[in-house]
Amino acid sequence: MSTFAVVVFPGSNCDHDAYHAVKQVLGQEARFVWHKETRLGSADAVILPGGFSYGDYLRTGAIARFSPIMGEVARFAAAGGPVLGICNGFQVLLEAGLLPGGMRRNSRLKFICEHVHLRVEQTDTPFTRLATAGQVLRIPIAHGEGNYYADPETVAALEANRQVILRYTAPGGEQDEAWNVNGSTGAIAGLCNSARNVLGMMPHPERACEAALGSEDGRVILGSVVAALAAAGVDAAPRPVGAAQP
Amino acid sequence: MKATVFVTLKPSILDPQGKTIAEALRTLGYDSVRDVRQGKYFELDVDAADAGQARSLAATVADKLLANPVIESYRVDVEG
């Protein structure tokens with residue numbers, strides 16, 4: 001089975017959700033890694049979870065990007081390992097320069113906490129290989145600063161290079177500014193690096209892995225990473241989850 | 001020595017907070033305030049031999065942490 005390292009910064013609050021989704025729902029191994037560690041240990045994938053690292057002081061993710069563990073995360077990413085930044089994790093990846101662009105306050109200024117629809121634009125990433133092109137996923141967001149920005153040249157390069165992976169759309173998948181909840185450039189909800197192994201996304205797939213929470217579409221994202229690791233030779237057979245431990 | 005850093009959004013970046021403030025001012029009757037852009041202000045108390053060194057240090061710190069070069073630009077002022 002594959003091992004997911006879930007980095008914990010002071011102020012991260014979606015680390016347990018990510019751990020739960022990976023371990024209890026997908027039956028993989030998961031481990032918390034405190035931000036001050038300088039080793040990831042044996043990890044097949046890294047998750048930078050959501051939350052409010054350092055209270056969002058200065059700028060979201062601006063201080064967490066300098067945490068000791070981030071050197072290791074950068075090395076892991078450079079070596080090709082899958083790195084998934086969710087919400088605040090996405091913001092940390094942007095501040096760290098592991099993904100291009102920046103984040104602004106939501107265009108309508110309000111913190112938005114609701115399910116949104118995302119269209120999968122590319123399926124050749126470890127995060128979307130289980131999806132079909134154009135598939136719409138219903139996944140929740142919860143953020144006040146998810147308004148992605150990149151200058152026109154960067155956006156053109158991202159689009160040309162197929163690095164835009166998820167877009168905010170209408171429920172049927174149509175791209176329409178009315179459904180761009182936070183005003184993100186190009187309605188970009190998630191994008192990857194040029195090597196396609198680092199993904200940042202504002203929505204929370206780890207909160208959409210169980211029907212009881214309103215959607216299981218998040219399994220497409222997390223399950224894709226598990227499948228990608230299995231294809232790469234990491235045994236992904238889940239542990240029996242039958243006798244569930246609370 | 002005291003160095004101050006003003007960090008502002010680049011002109012091309014939409015500033016919804018600034019717009020909201022401008023509208024609030026117009027509601028209060030200050031129609032002659034046409035636009036507002038909100039920024040950040042940092043006061044740095046630095047050990048530096050002279051103003052030039054203080055300015056250079058403040059700029060380095062602004063580049064490294066205080067401003068995000070993707071969406072912000074900054075200005076440094078040094079006292080004395």
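The notes below take chain A and then chain B.

## Basis

This is a predicted model, in which local features need pLDDT of at least 70 and side-chain atom pairs count only at pLDDT 80 or more, while totals for chains, interfaces and linings use all residues. Residues are numbered from 1 along each chain as its sequence is written, chains are lettered from A and ligands numbered from 1 in the order in which they are written, and side-chain values use heavy atoms, with hydrogens and water left out.

## Chain A: strand β4

Strands (DSSP runs of E, at least two residues) and helices (H or I, at least four) are numbered from the N terminus. Strand β4(A) covers residues 83–86. A:V83 and A:G85 point one way from this strand, A:L84 and A:I86 the other way, and all are buried (under 20% relative accessible area, 1.4 Å probe, protein chains only).

β4(A) pairs in the parallel sense with β3(A) over three bridges and with β11(A), residues 198–201, over four; pairing requires at least two DSSP bridges. A:G85 is the bridge partner of A:L48 and also stands opposite A:G200 in β11(A).

## Chain A: a buried serine

A:S53 is in the loop between β3 (45–48) and α2 (69–78) of chain A. A:S53 counts as buried because its relative accessibility is 2%. Its contacts (heavy atoms within 4.5 Å) include A:F9, A:P10, A:N88 and A:V92, not counting residues up to four places away in sequence.

## Chain B: an open sheet

Three strands of chain B form an open sheet in the order β2-β1-β3, with antiparallel pairing. The edge strands, β2 (39–45) and β3 (72–78), each pair on one side only. Seven bridges join β1(B), residues 2–9, to β3(B), and one of the pairs is B:T8 with B:S73.

Note on methods
Buried means under 20% relative accessible area, exposed over 50%, partly exposed in between (1.4 Å probe, protein chains only).
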